[in-house]
Amino acid sequence: MSSAQVGKTEMILNLIGFHIDRDACPILCVQPTQDMAATFSRDRVAPMLRDTACLAKKVKDPRSRDSGNTLYSKQFDGGHVTFVGSNSASGLASRPIRLVLFDEVDRYQTTSEGDAIELAKKRATTFWNKKFVAVSTPTNKGSSRIEAMFENSDKRDYHVPCGDCGEYQSLRWSNVQWEQDAPETACYVCDHCGSVWDDAARYRAVRKGEWRATAPFVGTAGFRLSALYSPWLALESGVRDFLEAKKLPETLRVFVNTFLGETWEEAGDGVSDLEISNHREDYGGKVPNEVVIITAGCDVQDDRLEIEILGHARDSETYSIDFHTIYGDPASANIWADLETYLKQTWERHDGRMLSVKATAIDSGGHHTQAVYKFCKPRISQRVFAIKGVGGEGKPMVGKPSTNNNLKCKLFMVGVDTIKEMVYSHLKIKDEGAGYCHFPHTYTDEYFLQLTAEKVIKKFHKGFHRREWVKTRTRNEALDCRVYAIAALSIINANVNMIAQRSGKTVDDEDDAPKVRKDRRLARTPRSNGFVNGWR
Ligand SMILES: [Zn+2]
């Protein structure tokens, strides 16, 4: 851990390798999920054991019988290294362990049996010289485990000396400067003397750096690094990433988490229906030319189906095209025949191009699961998908499908809270362009009340915030349909920007002019700190 040039995964591998070679002891490596534990063991640890001469002798060949070398556990003289997922309580509660490695703790899942970190820590109680190492890319402010652990540590920052004035400093994004729209001019500016460092000067400074604690040591050493310390990163590419990421809140969040290694603070809790209803506009009877792909989201109620037809344009800008209700009993065939007819219609763009619905997601989570499976299964080739919402922070927008049901219908798990975060952050965007949500002038006030019918509350759970979505009124179908229509796009993994680029001059010509203006308005201004808040 002494070098800033070591990545998180390499650090974990180093610790495993070191303890197998020099200090044989039982090791537990906890990954967010059981799948990730298997992948880490197979793709990272196994090659290291095979290719490192001193380690290859200590762990038997996995092909030999009774080698004690399996995907989830590798034995060696004096110990073993075991890989488990944070979601596998049984794997967390067996043999005693001296060294516990917690990888990507901010992605840990809570199981019914309790918190993975607490469970794993219990296994080390018998060792006087036990050691815990936790690493992670941070996630959201308040709910980030690694941030909380860092706050309770001696908080070490890596300080590097300026080649000109010799003063030590930690590297901050606010000191990265470039000329407007010219990432190739990116440089780092010394905090003390203002001298300008190119990449080579920055690499040299990092090589001479050292860790400095910023709080008293009380049993935990904490280290943090951003990608600014990376010897493989040219600042130009960092600035390019940033300029691309800042277009949308969700991509900026990823940049802040992974590049800067900082937590992300969510803006506000809900959106106002009145404000969003101002986004109504007259499309002129046809679909705007910016729309390049259409998806549908369908919510199943006991007496009706509600469907949103959603048009997607470049940079996640959306145009709601239709919000439609089909009344009837979802247990009867008629309503599904009506849905099929509705979904099959085409939508005309101003330039004459006809668009059809490319993918549909239908909620199977209500009282009519079987009916949804029955409708979706034979239509999978038409990209009609059965989905089920799963709540919780940080869930992927769409998970792997399962066919573990009586009709063997492909069922996609949808991270509804993740998509709601995105929808609400986009609804807050006030200027047309990336992420902005357009609505037709025909939509009623009730529609906007439904769309904004939820808000986030912060709940405390074992000392951590947890963001939870709650309804502020009973009817919220408009929001659900929007979430499902976005899930449909995510399932087919369509690259909207690429389609927009390919789909001809009409789209390009109209987009180019305002784009330049937008970039100019968002251009960078100097500021001292508070990176995240400065950019919204
Ligand atoms: Zn200096």
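What is the order of the strands in the open sheet of five strands? I opened the structure with that in mind, remembering that this is a predicted model.

**Entry: the sheet.** I read the order as E2-E3-E1-E4-E5, and the pairing is mixed. Strand E2 (73-76) and strand E5 (131-135) each have a single partner strand and stand at the edges, so one side of each lacks a neighbour in the sheet.

**Entry: one pair up close.** I picked strand E4 (residues 99-103) and its pairing with E5, which is parallel and runs over five bridges. Starting from leucine 99, I found its bridge partner in E5 to be lysine 131.

**Entry: helices on the sheet.** Next I checked what H1 and H2 lie across. Helix H1 (residues 8-21) lies across strand E1 (27-31), E2, strand E3 (79-85), E4 and E5, and runs at about 160° to E5. Helix H2 (residues 34-51) lies across E1, E2, E3 and E4, at about 145° to E3.

**Entry: helix H7.** Which residues of helix H7 (residues 199-207) are buried? I noted Ala201, Arg202, Ala205 and Val206. Looking down the axis of H7, I see these buried residues fall within an arc of 135°, so they line one face of the helix. The spacing makes sense to me: an α-helix has 3.6 residues a turn, so residues three or four places apart point the same way. Then I asked what covers the buried residues of H7. The cover includes strand E6 (156-161), strand E9 (182-189), strand E10 (196-197) and helix H8 (235-245).

Definitions and conventions:
Residues are numbered from 1 along each chain as its sequence is written. This is a predicted model: local features need pLDDT of at least 70, side-chain atom pairs count only at pLDDT 80 or more; totals for chains, interfaces and linings use all residues. Side-chain values use heavy atoms; hydrogens and water are left out. Buried means under 20% relative accessible area, exposed over 50%, partly exposed in between (1.4 Å probe, protein chains only). Helices (H or I, at least four residues) and strands (E, at least two) are DSSP runs, numbered from the N terminus. The arc is that of the directions from the helix axis to the C-beta atoms. Contact means heavy atoms within 4.5 Å. Two strands pair if DSSP finds at least two bridges between them. Axes are lines fitted to C-alpha atoms, for helices over the stretch in contact, and angles run from 0 to 180 degrees between N-to-C directions.
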